[in-house]
Amino acid sequence: MSNIQRLPQDTINRIAAGEVVERPASAVKELVENAIDAGATQIDIRADLGGLSRILIEDNGSGMGADDLQLAIERHATSKLKPQADGSWDLLHIKTLGFRGEALPSMGSVARLNITSKPRDESALNIRVDGGAIAPVRPAAFGGEHGTRIELTDLFYATPARLKFMKSERSENMAIAEEVKRQAMAHENVGFTLELDGKKQLKLYAEQAGFEGRLHRLSALLGADFSENSLLIDQGREGVHLTGYAGLPTFSRGNAAHQYLFVNNRPVRDKLLAGALRAAYADFLARDRHPLAALFVEIDPQELDVNVHPAKTEVRFRDPNLVRGLIIGALKHALASAGHRAATTVAHQTIGAFRTDIQPLLGLNRPYNPVSASQIAAVRPYMSPYMPEPAPFSPTARVEHEPEPFYGDYQGVAEAYAPDAMDMPVEVQAPTQAEAFPLGAARAQIHETYVIAQTADGLVIVDQHAAHERLVYEQMKVAMATGHVQSQSLLIPEIVDLEREEVSRLMTRREDLLLMGLGVEAFGPTSVLVRDIPTLLGDCDIAGLVRDLVDDLTEHGELLALKERMAEICGDHACRHSVRSGRRLTGDEMNALLRQMEATPHSGQCNHGRPTYVELKLKDIEKLFGRR
């Protein structure tokens, strides 16, 4: 007797439902995607008790007639794939969000599904599916001119064992809200409302398609500050187009929850994005800080496999290195174009830190203590004379002295930009001319740590150590890029055992490794021999470094471990050889620091992602004193 049995249809449907409808948020995702594919410009979502009690989604899409309603609840019936002339079905040109035809029958097999739909100029019709049992189509009432209303109640009542694996109502509600946010980001020309347990959570009006509308939508979802602290991304390469917005390094978060990737307007979760963001922001953020980003990839459907995961939350690129390289290059270009710009939230936090309670300011709750002239003199900050400034600042200006070709003298580079060497003579000009510069004219140094500069419409407070640390680090990067990294030969070459494929993968990047000072050669089919290492690394775990490099090549296609290690050492050198806190600067030195910051990319944040300066507008200062 055969042990192979044919499963009944209801069991097949329930198994399929377990793949497609993992939780209430999965059902919301499928239904919203169907509404968008139907041309809806307004989608209203409601959910009760985490979506397990009820999910109601109403749209103003094209609607369905009687025949379409009956077919829509059958497995593998879809309007989104068309047969070719030869009778075959093309799965390589997927231009819609849904296409499998599994969602509605899967939901109907594990819950109570009620669909009401009305095409334009036709009557509304209704069909019900209860635990897989299909009721006949019947007339119904529908409020709009056209569209579809789908109500899903008692989710998983037909498979009660699944309910044990659901999380709390709050967690399920959060998952639904996150899914709706992702769909709203991808489709700014569609309006969304979300109501959870009778409480309005989201109300997003349809925006005009394009960069401006997309930025408005992202700001509505990621916070109003996002529009002021994000960088436009718009780059293309070899048929792949990348657009979107990425946050400034100083506008970062403590986790990666606010990083979004969309491929052909499909929200996806992909490790490609995490690796690309990590590489692009490596010079600007500490490891425990993460940038905000919403990136949109447009690619030929033939270069993409969207059928990797049953829920279509993952995709596979034919050339992932091309996409990753494009993301990293576009982000680095945008960050470089930001110049010395820092997040506006830094100034907002500074204003909020001031105490504006009138009684402490007036001293009404403490006894009057007169201050002597000697006490005033003791705390008076060093005041710089009025300084003339060089010619008006240009965004394309470069540092006055270009670095010489670099051959590994890291100590020499750091000493070249040490405090005693930072002298850029400045001729005397009128103060008002100096204030025209973006970072203004130096007026004082307080606590021998912070430089106070006056701008045309406010003031700037500069952390002299953090700012000079970034300047030195950028100079070291330029020097490394224009020369050769010095290497040292090992007295006894080190043998590192690897897998056969790992050796092959590492040897394809041998020339790149050599340029970075690491001399590696094959030593049999499963080993490599390390003869040289970068002088910067000193006494390091060579075997661990090589294995990290192999892991990076396998996962990301880049030599991140070596680059990050060298960048970390350069950052340490820059920190040790920068202007320290507690060093008094002359007026010329303070103004030279400001001018170098204006001409140096990324000078708005130090190597650890902290701001190097805070700008306070005059209007904000006036608010502190009740003038506004």
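Hi everyone, this short talk covers a sheet, its helices and the nonpolar cores of one model.

The model is predicted, so local features need pLDDT of at least 70 and side-chain atom pairs count only at pLDDT 80 or more, while totals for chains, interfaces and linings use all residues. Residues are numbered from 1 along each chain as its sequence is written, and side-chain values use heavy atoms, with hydrogens and water left out.

Let's start with the sheet. Three strands make an open, antiparallel sheet in the order β23-β25-β24; strands are DSSP runs of E, at least two residues, and helices are runs of H or I, at least four, numbered from the N terminus. Two strands pair if DSSP finds at least two bridges between them. Because β23 (487–497) and β24 (519–522) are at the edges with a single partner strand each, one side of each has no neighbour in the sheet. From one strand to the next, the twist averages 20 degrees. β24 and β25 (residues 527–534) are joined by four bridges, and G519 has D532 as its bridge partner in β25.

Now the cores. A nonpolar core is a set of buried Ala, Val, Leu, Ile, Met, Phe, Trp, Tyr and Cys residues joined through side-chain atoms within 4.5 Å, where buried means under 20% relative accessible area (1.4 Å probe, protein chains only). Which residues touch the most other members of the largest core? They are I43, I45, I115, F192 and V263, out of 97 residues. Helix α10 (residues 320–337) gives this core its largest share, nine residues. Another core, of 17 residues, lies apart from it and includes L506, L513, L518 and V520.

Key. Axes fitted to C-alpha atoms, helices over the stretch in contact; angles between N-to-C directions. Buried < 20%, exposed > 50% of the residue type's maximum accessible area, 1.4 Å probe, protein only.
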